[in-house]
Amino acid sequence: MDILLIILSFLCLLIGFAGCILPVLPGAPLSYAGLLLLHFTDRVQFSTSQLLVWLVVVIVVQVLDYVVPLLGARYSGGSRWGTRGCLAGTIVGLFFMPWGIVLGPFLGAVAGELLGGRRTSEALRSGLGSLAGFLLGTVLKCAVCGYFIWVFVTALVG
């Protein structure tokens, strides 16, 4: 049974890492599920505090994945129009996977700024801020999933 759980754990970690880039898959939660599966084997036991801290990290990363593009639009000079456009673009982009999740916040922020009366250059700056926020969120997810893979390998080897 342990071998099956280890294989399933490894698959969850790999699919979770792919989910950092593929927006259809929830990367960090899948990777966390992989560590939970590994925890249920007789070979590796994580402490309760480790599991809880990792759960909190996964929740924070998931929330930041949706919030960081909004913050990127806001801190790059975007107005409320740009922030709302970014949010609307994110929601609409979910229906046009995979490119919609990347382009949605950007196009939404640009459209929102243009509707708010901003010049094209200001609107593009807000859109680029939301795109930078999206890329930062992707890097955060990859870092968390990469760390989980490292924990998996060191737990089995050590």
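The legends below describe several views of a predicted model of one protein chain.

**Figure 1**
The C-alpha trace spans about 60 × 30 × 20 Å along its principal axes. Of the 158 residues in the protein chain, 41% are buried. When contacts between residues at least 6 apart in sequence are considered, 65% of them join residues that are at least 24 apart.

**Figure 1. Helix H5 packed against helix H6.**
Two packed helices are described by the angle between their axes and the distance between the axes. For helix H5 (residues 99-115) and helix H6 (residues 120-157), the axes come within 8 Å and cross at roughly 150°. Angles over 145 degrees count as roughly antiparallel, and H5 and H6 are therefore roughly antiparallel to each other. H5 passes H6 in a right-handed crossing. On the H5 side, the contact is made by Ile101, Val102, Pro105, Phe106, Ala109, Val110, Glu113 and Leu114, while the residues contributed by H6 include Thr120, Ala123, Leu124, Gly127, Leu131 and Phe134. Taken together, the residues of this contact of H5 with H6 divide into 12 nonpolar, four polar and one charged.

**Figure 2. Helix H2 alongside helix H6.**
The axes of helix H2 (residues 27-39) and H6 come within 9 Å and cross at roughly 15°. Because angles under 35 degrees count as roughly parallel, H2 and H6 are described as roughly parallel to each other. The crossing of H2 and H6 is left-handed. In this view Gly27, Ala28, Ser31, Tyr32, Leu35 and Leu38 of H2 meet Val144, Cys145, Phe148, Val151, Phe152, Ala155 and Leu156 of H6. The residues of the contact of H2 with H6 divide into 11 nonpolar, two polar and no charged.

**Figure 3. Helix H3 against helix H6.**
Helix H3 (residues 48-75) and H6 pack at an angle of about 165°, and their axes are 5 Å apart. That angle makes H3 roughly antiparallel to H6. The crossing of H3 and H6 is right-handed. The residues of the contact of H3 with H6 divide into 15 nonpolar, seven polar and two charged.

Lys141 has its place in helix H6. With a relative accessibility of 7%, Lys141 counts as buried, because the term applies to residues under 20%. When residues up to four places away in sequence are not counted, Lys141 touches Gly19, Cys20, Val61, Gln62 and Asp65.

**Figure 4. Cysteines without a disulfide.**
A disulfide is a covalent bond between the sulfur atoms of two cysteines, and the structure holds zero disulfides. The sulfur of Cys12 is 11 Å from the closest cysteine sulfur, which belongs to Cys145, and this is too far for a bond. Cys12 counts as buried, at 17% relative accessibility. Cys142 is likewise in no disulfide, and the nearest cysteine sulfur, that of Cys20, is 4.1 Å away; for a pair of cysteine sulfur atoms to count as a disulfide, they would have to be within 2.5 Å.

Definitions and conventions:
Residues are numbered from 1 along each chain as its sequence is written. This is a predicted model: local features need pLDDT of at least 70, side-chain atom pairs count only at pLDDT 80 or more; totals for chains, interfaces and linings use all residues. Side-chain values use heavy atoms; hydrogens and water are left out. Axes are lines fitted to C-alpha atoms, for helices over the stretch in contact, and angles run from 0 to 180 degrees between N-to-C directions. Helices (H or I, at least four residues) and strands (E, at least two) are DSSP runs, numbered from the N terminus. Angles under 35 degrees count as roughly parallel, over 145 as roughly antiparallel, 65 to 115 as roughly perpendicular and the rest as oblique. A crossing is left-handed if the near helix is turned anticlockwise from the far one by less than a right angle, and right-handed if clockwise. Contact means heavy atoms within 4.5 Å. Ala, Val, Leu, Ile, Met, Phe, Trp, Tyr, Cys and Pro count as nonpolar, Asp, Glu, Lys and Arg as charged, and the others, Gly among them, as polar. Buried means under 20% relative accessible area, exposed over 50%, partly exposed in between (1.4 Å probe, protein chains only).
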